[in-house]
Amino acid sequence: MDASVDDLLSFKEFPLINEASGSQSAQININSPQRTLPSIDDEDDEDGTAKENNSAKGGSIFSFEYYQGFFDVDTMIVVDRIATSMIPKRAPVNYLKLNIATNPDLYGPVWIVLTLIFTIGISGNMASYLQNTGNHHWRYNFHLVSYSATAIIMYTLLVPSALWGFLKWSVRSSELDIDEDEEVGTPSLLSLVCIYGYSLAIYIPVSVLWTIQVSLFQWLLVITGAFLSGFALLTILMPAVKKSKYSLFVVLAIELAHFALAAGFMLYFFHAPDVETPVETPLHKAITSVVVNTTMQSKNA
């Protein structure tokens, strides 16, 4: 019997395909993508007290890999840290915890220290040449490089070491206001060396300007350089310094040491010593008059 028009236009239910049958059909996976949960080590790396230079800790102290982590920075990080060491209030409050403590480097400090050593040595000899204009016996003083290297390296290593030890000894051990998310402990020695190394960057252009033999201008450069760099240094270290029982003393010591370094650079390597003209004393005049009178009497005789 032929199907009528009504049968052709009516809705019918078709049986479902049996999954057990050999027929295959296309399938679409609608399950949500699975996300890999971070491991415990990754959570430790994201914490404020993260491990510093995990790759460096894995190797021996005599291996190249041990020191490779200390130089694991790119150009933008170095430029940002140099600018932060020169511009006060540029660093946020948690700059020490989030930027320095998580990845302290020695790449920037090493290059800044080496550049400053040779800049002071060359500029100091230029200042000496300008002070002795017309003196044909002037010679280049190679010892200025050794003197500047000794002063800069001792300052970069000894001052952070002393500050680190003093903060370890004088930090408050109060358990009343401890907040795990906000707490900033004593910075590591490597972090302090990194901060102090970058704080010397401002003296590279200042040492070139110190060759201008104007005493007032030289002292203005000392004050300006020490204030900008010292204030920026103090802004970065303040979250850790304020936890010390002697925070005021630490602040004064940091600023005075930074000013003393700048003043010492200028006075020893660039400042022209004041040359006093010899004053003729009355005794010298009396001896001269006696010699003249004796000579005249001998001629008259």
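How many salt bridges does a search of the whole structure find? The search finds two. They are taken up below, after the overall fold. The model is predicted.

**Overall make-up**

The chain has 13 helices and zero strands. The chain holds 301 residues, and 31% of them count as buried. Take the contacts in the chain with a separation of 6 or more: residues 24 or more positions apart account for 77% of these.

Side chains of opposite charge can pair when their charged atoms come close. Here are the residues that take part, with their accessibility.

| Residue | Relative accessible area | Class |
|---|---|---|
| Asp 80 | 28% | partly exposed |
| Arg 90 | 38% | partly exposed |
| Arg 81 | 5% | buried |
| Asp 105 | 0% | buried |

Asp 80 pairs with Arg 90, and their closest N and O atoms are 2.9 Å apart. Asp 80 sits in helix 5 (residues 75–86), while Arg 90 belongs to the loop between helix 5 and helix 6 (95–100), so the bridge ties together parts 10 residues apart in sequence.

Arg 81 pairs with Asp 105, with 2.4 Å between the closest N and O atoms. This pair links distant parts of the chain: Arg 81 is in helix 5 and Asp 105 is in the loop between helix 6 and helix 7, 24 residues apart. Why does Arg 81 count as buried? Its relative accessibility is 5%, and buried means under 20%, so Arg 81 falls in that class. Asp 105 is buried too, at 0%.

**A positive phi in the loop**

Most residues other than glycine have a negative phi. Lys 89 is not a glycine, yet it has a positive phi of about 65°. Lys 89 lies in the loop between helix 5 and helix 6. With a relative accessible area of 64%, Lys 89 is exposed.

**Helix 7 against helix 8**

Two packed helices are described by the angle between their axes and the distance between the axes. Helix 7 (residues 107–131) and helix 8 (residues 143–170) have axes that come within 9 Å and cross at roughly 145°. The crossing is right-handed. On the helix 7 side, the contact includes Val 113, Leu 116, Ile 117 and Phe 118. Ile 120, Gly 121, Gly 124 and Asn 125 also come from helix 7. Helix 8 brings Leu 144, Val 145, Ser 148, Ala 149, Ile 152, Ile 153 and Thr 156. By class, the contact of the two helices has 10 nonpolar, five polar and no charged residues.

Helix 9 (residues 189–199) is mostly covered, with 10 of its 11 residues buried. Among them are Leu 190, Val 193, Cys 194, Ile 195 and Tyr 198.

Which residues have the most contacts inside the largest nonpolar core? They are Leu 200, Tyr 203, Trp 210, Leu 237 and Ile 254, in a core of 48 residues. Helix 6, helix 7, helix 8, helix 9, helix 10 (203–209), helix 11 (215–241) and helix 12 (247–270) each supply at least two residues of this core. The largest share, 10 residues, comes from helix 12.

Methods:
Residues numbered from 1 in each chain as written. Predicted model: local features only at pLDDT ≥ 70, side-chain atom pairs only at ≥ 80, totals over all residues. Heavy atoms only, no water. Axes fitted to C-alpha atoms, helices over the stretch in contact; angles between N-to-C directions. Helix = DSSP H or I, 4+ residues; strand = E, 2+ residues; numbered from the N terminus. Left-handed = near helix turned anticlockwise from the far one by under 90°. Contact = heavy atoms within 4.5 Å. Nonpolar A, V, L, I, M, F, W, Y, C, P; charged D, E, K, R; others polar. Buried < 20%, exposed > 50% of the residue type's maximum accessible area, 1.4 Å probe, protein only. Salt bridge = Lys/Arg side-chain N within 4 Å of Asp/Glu carboxyl O. Core = buried A, V, L, I, M, F, W, Y, C linked by side-chain atoms within 4.5 Å.
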